[in-house]
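Here is a walk through one protein model.

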Amino acid sequence: MPMGVTHRTINTIASIPFTTEVYLGLHRSPLECVAFLAGYTFATFLMNPDLDLNSDGYQSWGFLRFYWWPYQKALAHRSFLSHFPIISTIFRIIYLLWLPILLIFVLGSAVQATARDQVYDWVPQLAPYLIALVVGMMGSDTLHMLLDVTSTRLKRTFGSKHERRPEGFFEHHGEKRHSHYSRGWRTTRSSRR
Ligand SMILES: [Zn+2]
């Protein structure tokens, strides 16, 4: 896998043609382009697929990284839920929101009613921008995964003997059913970053 700085650099450079395409190719409004770029940047620097590791993205959460600690411990590196396009992005969004939603339910009916009113008031108005935000996250995550797959293939072709071993899709994504992967949810991290 490319290092975090490589992911961030390539994703940041790619954000220029991506956002240009959203504006010129898809004819989205400037505000939707800003929402797209915000989601893309958030996914590149903070909520990226490598939160399943003690990565740059994980460290960037600062003291709030405790929030992602269960996610990191529960998911194998490059597992289906952390590194599969679109699905893993949706999973991270759900994970990000589960605690606020739980708090709203715990805080009682008055808070629930207020939250419901806010959602009904704002979500329809903000829908185009929320969609652009999520599509931006998905774009960043998908590029991340393509870089992971590309770097693995390059290692298999040009790398050392160890790196050139055959690797299937799910093994690549940390879900090999046999050998050391089958002993638990975690993979050996040091060699798979
Ligand atoms: Zn990755």
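**A helix pair and its surroundings**

In this predicted model, helix α1 (residues 4-25) packs against helix α2 (residues 30-45) at an angle of about 165°, and their axes are 10 Å apart. Angles over 145 degrees count as roughly antiparallel, so α1 is roughly antiparallel to α2. The crossing of α1 and α2 is right-handed.

Which residues form the contact? From α1 come Arg8, Asn11, Thr12, Ser15, Phe18, Thr19, Val22 and Tyr23. They meet Cys33, Phe36, Leu37, Tyr40, Thr41, Thr44 and Phe45 of α2. By class, the contact of α1 with α2 has 8 nonpolar, 6 polar and 1 charged residues.

Now step back to the whole chain. The protein has 8 helices and 0 strands. From the N terminus on, its elements run α-α-α-α-α-α-α-α. Of its 193 residues, 26% count as buried. Take the contacts between residues at least 6 apart in sequence: 68% of them join residues at least 24 apart.

Next, the core. In soluble globular proteins, nonpolar side chains tend to be buried together. Here the largest nonpolar core has 15 residues. Phe36, Tyr40, Ala132 and Met137 have the most contacts inside it. The elements that give two or more residues to this core are α1, α2 and α7 (109-158). Helix α2 gives the most, with 6 residues.

Finally, the backbone in the loops. Most residues other than glycine have a negative phi. His27 has a positive phi of about 55°, although it is not a glycine. His27 lies in the loop between α1 and α2. Is His27 buried or exposed? It counts as exposed, because it has 8 C-beta neighbours inside 10 Å, and the cut-off for exposed is 12 or fewer.

Ile86 also has a positive phi, of about 65°, and is not a glycine. Its place is in the loop between α5 (80-83) and α6 (87-106). Ile86 has 14 C-beta neighbours inside 10 Å, so it counts as partly exposed.

Terms used. Residues numbered from 1 in each chain as written. Predicted model: local features only at pLDDT ≥ 70, side-chain atom pairs only at ≥ 80, totals over all residues. Axes fitted to C-alpha atoms, helices over the stretch in contact; angles between N-to-C directions. Helix = DSSP H or I, 4+ residues; strand = E, 2+ residues; numbered from the N terminus. Parallel < 35°, antiparallel > 145°, perpendicular 65-115°, else oblique. Left-handed = near helix turned anticlockwise from the far one by under 90°. Contact = placed C-beta atoms within 7 Å. Nonpolar A, V, L, I, M, F, W, Y, C, P; charged D, E, K, R; others polar. Buried ≥ 20, exposed ≤ 12 C-beta atoms within 10 Å, placed from the backbone. Core = buried A, V, L, I, M, F, W, Y, C linked by C-beta atoms within 7 Å.
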